[in-house]
Amino acid sequence: MSHARIGTLVSLVLFGAVSMSCSIEPWVKPYERAALADPIMAADRNPVSSTYMDHVREVREGARGASGSAGGGCGCN
Amino acid sequence: MRLQAGTIGLLAAACLLLAHSTFAGVLPEDRADALYHQYEGGGVTVDGPSILVRKKFGENLSVSGNYYIDMVTSASIDVKVLGASEYKEKRTQWSTGIDYLRGSTTYSASYINSEENDYFADTLNLGISEDMFGDLTTVSLSYSRGWDDITKRNDTSFQRSLDRRNYRVGISQILTKTLIVGLNYETETSEGYLQNPYRADRYCLTPDCLTDQVLFEPEVYPRTRSTNAVSLDARWYLPWRAALHGNYRYFHDTWSIHANTGELGYTHPLKWRFLGGMWTVEAAYRYYTQTRADFYSDLFPFIESQNFRARDRNLATFDTNTIHVGVTYALGTMPFTWVQKATASVFYDAIQYNFKDFRDGMADTQFAYQQPLYTYRANVLQVFFSVYF
(Lines give C-alpha, C1' and ligand atoms only; values in the text may rest on other atoms or scores of the structure.)
Protein backbone atom coordinates (compact mmCIF):
# COMPACT_ATOMS: atom_id res chain seq x y z
CA MET A 1 0.00 0.00 0.00
CA SER A 2 1.46 3.41 -0.97
CA HIS A 3 2.07 6.06 1.62
CA ALA A 4 -0.54 8.34 -0.04
CA ARG A 5 -3.20 5.67 0.40
CA ILE A 6 -2.12 5.07 3.97
CA GLY A 7 -2.47 8.76 4.78
CA THR A 8 -5.88 8.95 3.09
CA LEU A 9 -7.14 5.83 4.84
CA VAL A 10 -5.96 7.02 8.25
CA SER A 11 -7.54 10.44 7.69
CA LEU A 12 -10.90 8.88 6.77
CA VAL A 13 -10.84 6.55 9.77
CA LEU A 14 -9.99 9.35 12.15
CA PHE A 15 -12.56 11.72 10.65
CA GLY A 16 -15.21 9.07 11.13
CA ALA A 17 -14.04 8.36 14.66
CA VAL A 18 -14.03 12.03 15.61
CA SER A 19 -17.51 12.56 14.12
CA MET A 20 -18.95 9.52 15.84
CA SER A 21 -17.37 10.23 19.20
CA CYS A 22 -19.63 13.23 19.71
CA SER A 23 -22.74 10.97 19.85
CA ILE A 24 -21.55 7.63 21.36
CA GLU A 25 -21.89 7.14 25.12
CA PRO A 26 -19.09 5.07 26.70
CA TRP A 27 -20.41 1.57 27.43
CA VAL A 28 -17.81 0.99 30.15
CA LYS A 29 -18.27 3.75 32.73
CA PRO A 30 -15.23 5.24 34.51
CA TYR A 31 -16.23 3.58 37.79
CA GLU A 32 -16.28 0.18 36.04
CA ARG A 33 -12.63 0.33 34.91
CA ALA A 34 -10.91 -0.78 38.12
CA ALA A 35 -9.74 -4.06 36.56
CA LEU A 36 -8.46 -2.31 33.45
CA ALA A 37 -6.49 0.14 35.62
CA ASP A 38 -4.72 -2.70 37.46
CA PRO A 39 -0.95 -2.47 36.77
CA ILE A 40 -0.92 -6.04 35.46
CA MET A 41 -3.17 -4.89 32.58
CA ALA A 42 -0.77 -2.19 31.43
CA ALA A 43 0.32 -2.65 27.82
CA ASP A 44 3.94 -1.92 28.74
CA ARG A 45 4.63 -2.47 32.45
CA ASN A 46 8.42 -2.34 32.04
CA PRO A 47 9.47 -0.15 29.11
CA VAL A 48 13.19 -0.59 29.86
CA SER A 49 12.72 -4.36 29.43
CA SER A 50 10.34 -4.34 26.45
CA THR A 51 12.57 -1.90 24.54
CA TYR A 52 15.54 -4.20 25.10
CA MET A 53 13.67 -7.33 23.92
CA ASP A 54 12.43 -5.49 20.81
CA HIS A 55 16.07 -4.71 20.06
CA VAL A 56 17.15 -8.36 20.63
CA ARG A 57 14.55 -9.56 18.13
CA GLU A 58 15.04 -6.86 15.49
CA VAL A 59 18.78 -7.57 15.32
CA ARG A 60 18.24 -11.29 14.64
CA GLU A 61 14.94 -11.48 12.77
CA GLY A 62 14.00 -10.22 9.32
CA ALA A 63 10.69 -8.80 10.53
CA ARG A 64 10.23 -5.64 12.55
CA GLY A 65 7.63 -3.10 13.56
CA ALA A 66 4.01 -2.86 14.71
CA SER A 67 5.04 -3.35 18.33
CA GLY A 68 3.35 -0.10 19.31
CA SER A 69 6.60 1.63 20.19
CA ALA A 70 9.08 3.72 18.22
CA GLY A 71 12.53 2.33 17.60
CA GLY A 72 15.89 3.52 16.38
CA GLY A 73 18.64 2.38 14.09
CA CYS A 74 21.69 0.63 15.41
CA GLY A 75 23.46 -1.20 12.62
CA CYS A 76 24.58 -3.89 15.05
CA ASN A 77 26.82 -5.58 12.45
CA MET B 1 5.51 13.05 -4.71
CA ARG B 2 3.71 9.96 -3.39
CA LEU B 3 5.72 10.15 -0.20
CA GLN B 4 4.82 13.82 0.29
CA ALA B 5 1.15 13.08 -0.31
CA GLY B 6 1.26 10.34 2.31
CA THR B 7 2.94 12.66 4.78
CA ILE B 8 0.30 15.35 4.12
CA GLY B 9 -2.43 12.78 4.72
CA LEU B 10 -0.94 11.80 8.07
CA LEU B 11 -0.50 15.44 9.04
CA ALA B 12 -4.17 16.05 8.19
CA ALA B 13 -5.10 13.11 10.39
CA ALA B 14 -3.01 14.59 13.19
CA CYS B 15 -4.86 17.91 12.81
CA LEU B 16 -8.17 16.10 13.22
CA LEU B 17 -6.89 14.78 16.50
CA LEU B 18 -5.74 18.23 17.54
CA ALA B 19 -9.20 19.69 16.92
CA HIS B 20 -10.98 17.14 19.09
CA SER B 21 -10.49 17.21 22.84
CA THR B 22 -13.02 16.04 25.42
CA PHE B 23 -11.81 13.94 28.38
CA ALA B 24 -8.36 14.09 29.98
CA GLY B 25 -5.47 11.81 29.08
CA VAL B 26 -2.79 10.55 31.48
CA LEU B 27 0.97 10.93 31.32
CA PRO B 28 3.23 7.98 32.24
CA GLU B 29 4.18 7.82 35.91
CA ASP B 30 7.52 9.03 37.25
CA ARG B 31 10.05 6.23 37.51
CA ALA B 32 13.70 5.25 37.32
CA ASP B 33 14.88 1.85 36.07
CA ALA B 34 18.33 0.29 36.14
CA LEU B 35 18.69 -2.88 34.09
CA TYR B 36 21.50 -5.34 33.41
CA HIS B 37 20.99 -7.34 30.20
CA GLN B 38 22.83 -10.35 28.84
CA TYR B 39 22.39 -12.25 25.58
CA GLU B 40 24.39 -15.42 25.07
CA GLY B 41 24.01 -17.78 22.14
CA GLY B 42 25.47 -18.82 18.79
CA GLY B 43 28.98 -17.85 19.87
CA VAL B 44 27.89 -14.28 20.65
CA THR B 45 27.72 -12.64 24.05
CA VAL B 46 26.23 -9.17 24.44
CA ASP B 47 25.72 -7.57 27.81
CA GLY B 48 25.53 -4.18 29.42
CA PRO B 49 23.38 -1.72 31.34
CA SER B 50 20.28 0.26 30.49
CA ILE B 51 19.19 3.22 32.62
CA LEU B 52 15.77 4.83 32.13
CA VAL B 53 14.46 7.89 34.00
CA ARG B 54 11.09 9.59 33.52
CA LYS B 55 9.89 12.66 35.40
CA LYS B 56 6.82 14.89 35.20
CA PHE B 57 7.10 18.67 35.45
CA GLY B 58 3.73 20.08 36.40
CA GLU B 59 0.58 18.35 35.22
CA ASN B 60 1.21 18.46 31.49
CA LEU B 61 4.86 17.73 30.78
CA SER B 62 6.89 14.53 31.11
CA VAL B 63 10.55 14.13 30.17
CA SER B 64 12.43 10.85 29.81
CA GLY B 65 15.99 9.76 29.16
CA ASN B 66 17.64 6.42 28.48
CA TYR B 67 21.29 5.36 28.40
CA TYR B 68 22.08 1.94 26.98
CA ILE B 69 25.26 0.00 26.24
CA ASP B 70 25.94 -3.22 24.31
CA MET B 71 29.30 -4.86 25.01
CA VAL B 72 29.72 -7.39 22.19
CA THR B 73 32.01 -10.40 22.09
CA SER B 74 31.44 -12.30 18.87
CA ALA B 75 32.72 -15.61 17.59
CA SER B 76 29.58 -16.38 15.64
CA ILE B 77 29.30 -19.06 12.96
CA ASP B 78 29.82 -16.37 10.30
CA VAL B 79 33.03 -15.16 11.94
CA LYS B 80 34.38 -18.72 12.15
CA VAL B 81 33.44 -19.62 8.57
CA LEU B 82 35.38 -16.62 7.26
CA GLY B 83 38.41 -17.67 9.31
CA ALA B 84 38.30 -14.51 11.40
CA SER B 85 39.05 -14.37 15.10
CA GLU B 86 36.73 -13.39 17.90
CA TYR B 87 36.16 -9.64 18.08
CA LYS B 88 34.92 -7.24 20.68
CA GLU B 89 33.09 -3.98 20.22
CA LYS B 90 30.94 -1.57 22.16
CA ARG B 91 27.74 0.20 21.13
CA THR B 92 26.49 3.17 23.11
CA GLN B 93 22.98 4.55 22.76
CA TRP B 94 21.32 7.43 24.48
CA SER B 95 17.87 8.84 23.94
CA THR B 96 15.69 11.60 25.29
CA GLY B 97 11.98 12.19 24.93
CA ILE B 98 9.27 14.62 25.88
CA ASP B 99 5.51 14.15 26.24
CA TYR B 100 3.11 17.05 26.45
CA LEU B 101 -0.50 16.49 27.52
CA ARG B 102 -3.25 18.88 26.46
CA GLY B 103 -6.73 17.72 27.32
CA SER B 104 -7.01 14.20 25.90
CA THR B 105 -4.17 14.65 23.42
CA THR B 106 -0.56 13.70 24.07
CA TYR B 107 2.20 15.06 21.84
CA SER B 108 5.47 13.16 21.89
CA ALA B 109 8.94 13.75 20.53
CA SER B 110 12.14 11.80 21.07
CA TYR B 111 15.67 11.60 19.74
CA ILE B 112 17.90 8.53 19.72
CA ASN B 113 21.64 8.44 19.03
CA SER B 114 23.48 5.13 18.62
CA GLU B 115 27.24 4.83 18.06
CA GLU B 116 29.72 2.05 17.61
CA ASN B 117 33.14 2.31 16.04
CA ASP B 118 31.79 1.75 12.51
CA TYR B 119 28.07 2.63 12.66
CA PHE B 120 26.42 5.90 13.64
CA ALA B 121 22.62 6.24 13.77
CA ASP B 122 20.36 9.18 14.62
CA THR B 123 16.60 8.83 14.87
CA LEU B 124 13.91 11.45 15.45
CA ASN B 125 10.41 10.28 16.50
CA LEU B 126 7.27 12.45 16.50
CA GLY B 127 3.94 11.19 17.73
CA ILE B 128 0.44 12.19 18.72
CA SER B 129 -2.21 10.18 20.54
CA GLU B 130 -5.71 10.95 21.68
CA ASP B 131 -8.27 9.33 23.93
CA MET B 132 -11.84 9.43 22.65
CA PHE B 133 -15.26 7.79 23.10
CA GLY B 134 -15.10 8.54 26.81
CA ASP B 135 -11.48 7.33 27.01
CA LEU B 136 -12.48 3.91 25.66
CA THR B 137 -10.46 4.40 22.49
CA THR B 138 -6.92 5.65 22.01
CA VAL B 139 -5.70 6.53 18.55
CA SER B 140 -2.03 7.19 17.94
CA LEU B 141 0.06 8.28 14.99
CA SER B 142 3.82 8.58 14.80
CA TYR B 143 6.55 9.27 12.32
CA SER B 144 10.26 8.49 12.58
CA ARG B 145 13.14 9.74 10.50
CA GLY B 146 16.56 8.14 10.72
CA TRP B 147 20.01 8.99 9.39
CA ASP B 148 22.73 6.33 9.49
CA ASP B 149 26.43 6.63 8.60
CA ILE B 150 28.39 3.45 8.00
CA THR B 151 32.17 3.14 7.96
CA LYS B 152 34.53 0.17 7.95
CA ARG B 153 37.33 -0.75 10.30
CA ASN B 154 40.80 -0.46 8.73
CA ASP B 155 39.39 1.27 5.61
CA THR B 156 39.18 5.03 6.02
CA SER B 157 37.92 5.48 2.44
CA PHE B 158 34.74 3.50 3.11
CA GLN B 159 31.79 5.76 3.88
CA ARG B 160 28.15 4.96 3.21
CA SER B 161 24.79 6.27 4.43
CA LEU B 162 21.25 5.06 5.00
CA ASP B 163 17.98 7.00 5.27
CA ARG B 164 15.03 5.51 7.17
CA ARG B 165 11.38 6.62 7.42
CA ASN B 166 8.75 4.92 9.59
CA TYR B 167 5.02 5.58 9.77
CA ARG B 168 2.95 4.06 12.56
CA VAL B 169 -0.76 4.11 13.36
CA GLY B 170 -2.40 2.36 16.28
CA ILE B 171 -5.81 1.99 17.87
CA SER B 172 -6.41 0.67 21.38
CA GLN B 173 -9.99 -0.15 22.31
CA ILE B 174 -11.61 -1.07 25.63
CA LEU B 175 -14.24 -3.64 24.70
CA THR B 176 -15.54 -4.73 28.12
CA LYS B 177 -14.75 -4.15 31.78
CA THR B 178 -12.01 -6.78 31.48
CA LEU B 179 -10.84 -6.75 27.85
CA ILE B 180 -8.64 -4.36 25.85
CA VAL B 181 -7.65 -4.95 22.23
CA GLY B 182 -5.23 -3.10 19.99
CA LEU B 183 -4.44 -2.89 16.30
CA ASN B 184 -1.12 -1.50 15.09
CA TYR B 185 0.24 -0.89 11.61
CA GLU B 186 3.74 0.20 10.70
CA THR B 187 5.46 0.79 7.39
CA GLU B 188 9.12 1.60 6.87
CA THR B 189 11.11 2.69 3.86
CA SER B 190 14.89 2.53 3.85
CA GLU B 191 17.21 3.78 1.14
CA GLY B 192 20.96 3.56 1.06
CA TYR B 193 23.54 1.07 2.32
CA LEU B 194 21.54 -1.78 3.82
CA GLN B 195 24.19 -4.46 4.15
CA ASN B 196 27.13 -5.34 6.37
CA PRO B 197 30.54 -4.46 4.84
CA TYR B 198 32.25 -7.38 6.62
CA ARG B 199 29.94 -10.10 5.39
CA ALA B 200 30.49 -12.46 2.47
CA ASP B 201 28.42 -15.07 0.72
CA ARG B 202 29.91 -18.35 -0.49
CA TYR B 203 29.87 -20.08 -3.84
CA CYS B 204 30.93 -23.47 -5.12
CA LEU B 205 34.32 -24.14 -6.64
CA THR B 206 32.52 -26.03 -9.42
CA PRO B 207 29.02 -25.07 -10.68
CA ASP B 208 27.61 -28.54 -9.86
CA CYS B 209 28.60 -27.92 -6.20
CA LEU B 210 29.90 -31.49 -5.92
CA THR B 211 32.77 -30.28 -3.76
CA ASP B 212 33.50 -29.47 -0.16
CA GLN B 213 35.47 -26.41 -1.19
CA VAL B 214 33.78 -23.07 -1.28
CA LEU B 215 34.98 -19.58 -2.03
CA PHE B 216 33.74 -16.26 -0.72
CA GLU B 217 32.66 -13.03 -2.40
CA PRO B 218 31.25 -9.76 -0.98
CA GLU B 219 27.50 -9.65 -0.51
CA VAL B 220 25.44 -7.26 -2.65
CA TYR B 221 22.13 -5.99 -1.25
CA PRO B 222 19.44 -3.86 -2.91
CA ARG B 223 19.65 -0.19 -1.96
CA THR B 224 15.98 0.07 -1.01
CA ARG B 225 13.65 -1.82 1.26
CA SER B 226 10.01 -1.22 2.16
CA THR B 227 8.33 -3.13 4.97
CA ASN B 228 4.77 -3.50 6.24
CA ALA B 229 3.71 -4.96 9.56
CA VAL B 230 0.30 -5.25 11.18
CA SER B 231 -0.36 -6.62 14.64
CA LEU B 232 -3.39 -7.44 16.75
CA ASP B 233 -3.13 -7.77 20.50
CA ALA B 234 -5.50 -8.37 23.40
CA ARG B 235 -5.27 -8.18 27.19
CA TRP B 236 -7.86 -9.96 29.33
CA TYR B 237 -8.28 -9.51 33.07
CA LEU B 238 -9.09 -12.81 34.77
CA PRO B 239 -11.42 -13.03 37.80
CA TRP B 240 -8.71 -14.21 40.26
CA ARG B 241 -6.62 -11.12 39.56
CA ALA B 242 -4.37 -12.25 36.76
CA ALA B 243 -3.91 -11.15 33.16
CA LEU B 244 -3.74 -13.06 29.91
CA HIS B 245 -2.30 -11.40 26.82
CA GLY B 246 -2.05 -12.49 23.22
CA ASN B 247 -0.48 -10.98 20.14
CA TYR B 248 -0.29 -11.81 16.43
CA ARG B 249 1.79 -9.96 13.85
CA TYR B 250 2.09 -10.36 10.07
CA PHE B 251 5.05 -8.86 8.23
CA HIS B 252 6.11 -8.65 4.62
CA ASP B 253 8.56 -6.55 2.66
CA THR B 254 9.90 -5.87 -0.81
CA TRP B 255 12.66 -8.43 -0.27
CA SER B 256 9.94 -11.14 -0.28
CA ILE B 257 10.29 -11.91 3.41
CA HIS B 258 6.98 -12.99 4.96
CA ALA B 259 6.87 -13.47 8.72
CA ASN B 260 4.27 -14.52 11.26
CA THR B 261 4.60 -13.99 14.99
CA GLY B 262 2.34 -15.29 17.72
CA GLU B 263 2.68 -14.77 21.46
CA LEU B 264 0.67 -15.82 24.49
CA GLY B 265 1.49 -14.68 28.03
CA TYR B 266 0.19 -14.87 31.58
CA THR B 267 0.82 -12.55 34.54
CA HIS B 268 -0.15 -13.52 38.08
CA PRO B 269 0.37 -11.48 41.27
CA LEU B 270 0.69 -13.86 44.22
CA LYS B 271 -1.74 -13.28 47.06
CA TRP B 272 0.60 -13.81 49.98
CA ARG B 273 3.62 -11.83 51.15
CA PHE B 274 7.06 -13.36 51.22
CA LEU B 275 10.22 -11.69 52.52
CA GLY B 276 8.10 -8.65 53.43
CA GLY B 277 6.88 -7.88 49.91
CA MET B 278 4.50 -8.88 47.12
CA TRP B 279 5.50 -11.15 44.25
CA THR B 280 4.32 -11.28 40.65
CA VAL B 281 5.18 -14.13 38.33
CA GLU B 282 4.79 -14.21 34.55
CA ALA B 283 5.34 -16.58 31.68
CA ALA B 284 4.97 -16.36 27.92
CA TYR B 285 5.51 -18.38 24.76
CA ARG B 286 6.41 -16.79 21.43
CA TYR B 287 6.59 -18.46 18.01
CA TYR B 288 8.20 -16.71 15.04
CA THR B 289 8.56 -17.94 11.48
CA GLN B 290 9.83 -16.26 8.33
CA THR B 291 10.53 -17.05 4.68
CA ARG B 292 13.81 -16.10 3.07
CA ALA B 293 14.67 -12.95 1.15
CA ASP B 294 14.58 -13.59 -2.59
CA PHE B 295 18.31 -12.84 -2.98
CA TYR B 296 19.35 -15.07 -0.07
CA SER B 297 21.12 -18.39 -0.51
CA ASP B 298 23.35 -20.48 1.70
CA LEU B 299 25.46 -21.55 -1.30
CA PHE B 300 25.55 -19.95 -4.75
CA PRO B 301 26.55 -22.09 -7.77
CA PHE B 302 29.30 -19.76 -9.04
CA ILE B 303 30.76 -16.30 -8.56
CA GLU B 304 28.41 -13.36 -9.18
CA SER B 305 25.60 -15.77 -10.08
CA GLN B 306 22.97 -13.08 -9.45
CA ASN B 307 22.90 -9.30 -9.12
CA PHE B 308 21.94 -9.30 -5.44
CA ARG B 309 23.39 -11.90 -3.08
CA ALA B 310 23.23 -12.48 0.67
CA ARG B 311 24.09 -15.27 3.10
CA ASP B 312 23.01 -13.41 6.24
CA ARG B 313 21.06 -15.95 8.28
CA ASN B 314 18.73 -13.15 9.42
CA LEU B 315 17.37 -13.25 5.86
CA ALA B 316 17.07 -17.06 5.73
CA THR B 317 14.03 -19.27 6.22
CA PHE B 318 13.80 -20.08 9.91
CA ASP B 319 11.63 -20.21 12.95
CA THR B 320 12.15 -19.51 16.64
CA ASN B 321 10.49 -20.73 19.80
CA THR B 322 10.82 -18.55 22.88
CA ILE B 323 9.94 -19.42 26.46
CA HIS B 324 9.82 -16.44 28.82
CA VAL B 325 9.60 -16.55 32.61
CA GLY B 326 9.86 -13.69 35.05
CA VAL B 327 9.43 -12.78 38.70
CA THR B 328 9.00 -9.34 40.23
CA TYR B 329 9.37 -8.48 43.92
CA ALA B 330 7.70 -5.30 45.21
CA LEU B 331 8.97 -3.85 48.49
CA GLY B 332 6.36 -3.80 51.25
CA THR B 333 7.91 -0.85 53.10
CA MET B 334 9.45 2.08 51.23
CA PRO B 335 12.96 3.12 52.35
CA PHE B 336 12.28 6.82 51.64
CA THR B 337 9.13 8.91 51.87
CA TRP B 338 9.47 10.16 48.29
CA VAL B 339 9.43 6.59 46.93
CA GLN B 340 5.92 5.33 46.14
CA LYS B 341 6.91 1.87 44.96
CA ALA B 342 10.11 -0.08 44.44
CA THR B 343 10.50 -3.39 42.61
CA ALA B 344 13.21 -5.85 41.64
CA SER B 345 12.71 -8.14 38.62
CA VAL B 346 14.47 -11.07 37.01
CA PHE B 347 13.42 -12.14 33.51
CA TYR B 348 14.79 -15.10 31.53
CA ASP B 349 14.12 -15.98 27.89
CA ALA B 350 15.26 -19.13 26.13
CA ILE B 351 15.17 -18.71 22.34
CA GLN B 352 15.62 -21.71 20.04
CA TYR B 353 16.63 -20.83 16.45
CA ASN B 354 15.95 -23.44 13.71
CA PHE B 355 17.20 -22.59 10.23
CA LYS B 356 15.70 -24.31 7.19
CA ASP B 357 18.16 -23.13 4.52
CA PHE B 358 21.25 -21.91 6.40
CA ARG B 359 23.89 -24.56 7.01
CA ASP B 360 26.67 -24.96 9.52
CA GLY B 361 29.62 -23.90 7.40
CA MET B 362 32.09 -25.34 9.92
CA ALA B 363 30.80 -28.91 9.56
CA ASP B 364 33.13 -31.32 7.76
CA THR B 365 31.14 -33.10 5.04
CA GLN B 366 31.92 -34.50 1.60
CA PHE B 367 29.93 -31.80 -0.14
CA ALA B 368 29.11 -28.33 1.19
CA TYR B 369 25.40 -28.74 0.51
CA GLN B 370 25.41 -31.75 2.87
CA GLN B 371 26.37 -29.68 5.89
CA PRO B 372 23.69 -29.88 8.59
CA LEU B 373 21.15 -27.13 8.97
CA TYR B 374 22.20 -24.66 11.64
CA THR B 375 20.42 -24.48 14.99
CA TYR B 376 21.33 -22.86 18.27
CA ARG B 377 19.79 -21.73 21.51
CA ALA B 378 20.18 -18.29 23.04
CA ASN B 379 19.75 -17.34 26.68
CA VAL B 380 18.60 -13.84 27.53
CA LEU B 381 18.80 -12.58 31.11
CA GLN B 382 17.46 -9.31 32.47
CA VAL B 383 17.87 -8.10 36.05
CA PHE B 384 16.41 -4.69 36.84
CA PHE B 385 15.32 -2.43 39.65
CA SER B 386 12.52 0.10 39.35
CA VAL B 387 11.67 3.00 41.62
CA TYR B 388 8.41 4.95 41.28
CA PHE B 389 8.31 8.44 42.81
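How many helices and strands does chain A have? And after that, which strands does β15 of chain B pair with?

Author: Happy to! First, a few words on how to read what follows. This is a predicted model, in which local features need pLDDT of at least 70, side-chain atom pairs count only at pLDDT 80 or more, and totals for chains, interfaces and linings use all residues. Residues are numbered from 1 along each chain as its sequence is written, chains are lettered from A and ligands numbered from 1 in the order in which they are written, and side-chain values use heavy atoms, with hydrogens and water left out.

Chain A has 3 helices and 0 strands, which gives the pattern α-α-α along its sequence. Here helices (H or I, at least four residues) and strands (E, at least two) are DSSP runs, numbered from the N terminus. Of its 77 residues, 44% count as buried; buried means under 20% relative accessible area, exposed over 50%, and partly exposed in between, with a 1.4 Å probe and protein chains only.

Now to β15 of chain B, which covers residues 277–290. On one hand, 11 bridges join β15(B) to strand β14 (residues 258–269) of chain B, and these two run antiparallel. Two strands pair if DSSP finds at least two bridges between them. To see one contact, find N260(B), whose bridge partner in β15(B) is T289(B). On the other hand, β15(B) pairs with strand β16 (residues 318–331) of chain B, again in the antiparallel sense, over 14 bridges. There, Y287(B) has N321(B) of β16(B) as its bridge partner.

Side chains come next, starting with salt bridges. A salt bridge is a side-chain nitrogen of Lys or Arg within 4 Å of a carboxyl oxygen of Asp or Glu, and the structure holds 24 of them over all chains. One of them joins R286(B) to E61(A), with the closest N and O atoms 2.9 Å apart. This pair crosses between the chains, from strand β15 of chain B to the segment after α3 (47–60) of chain A. R286(B) is buried, with a relative accessible area of 5%. E61(A) also counts as buried because its relative accessibility is 5%.

Aromatic rings make contacts too. Rings of Phe, Tyr and Trp (its six-membered ring) pair if their centres lie within 6.5 Å; planes under 30 degrees apart count as stacked, over 60 as edge-to-face and the rest as tilted. By this rule there are 22 aromatic pairs over all chains. Among them, W279(B) and Y329(B) form a tilted pair, 4.8 Å centre to centre with 50 degrees between the planes. W279(B) lies in β15 of chain B and Y329(B) in β16 of chain B, so the pair ties together parts that are 50 residues apart in sequence. Y329(B) is buried, at a relative accessible area of 17%.

Further along chain B, F355(B) and Y376(B) form a stacked aromatic pair, 6.5 Å centre to centre with 15 degrees between the planes. F355(B) belongs to strand β17 (residues 341–359) of chain B and Y376(B) to strand β18 (residues 373–388) of chain B, 21 residues apart. F355(B) is buried, with a relative accessible area of 4%, and Y376(B) is buried at 9%. Both rings are part of a cluster, linked by ring pairs, that includes Y288(B), F318(B) and Y353(B).

Last, have a look at the loop between β15 and β16. R311(B) forms a salt bridge with D298(B), the closest N and O atoms being 3.0 Å apart. Each of the two lies in the loop between β15 and β16 of chain B, so the pair ties together parts that are 13 residues apart in sequence. R311(B) counts as buried because its relative accessibility is 2%, and D298(B) counts as buried at 7%. R311(B) and D298(B) also belong to a network of salt bridges that includes D78(B), R199(B), R202(B), E219(B) and R313(B).
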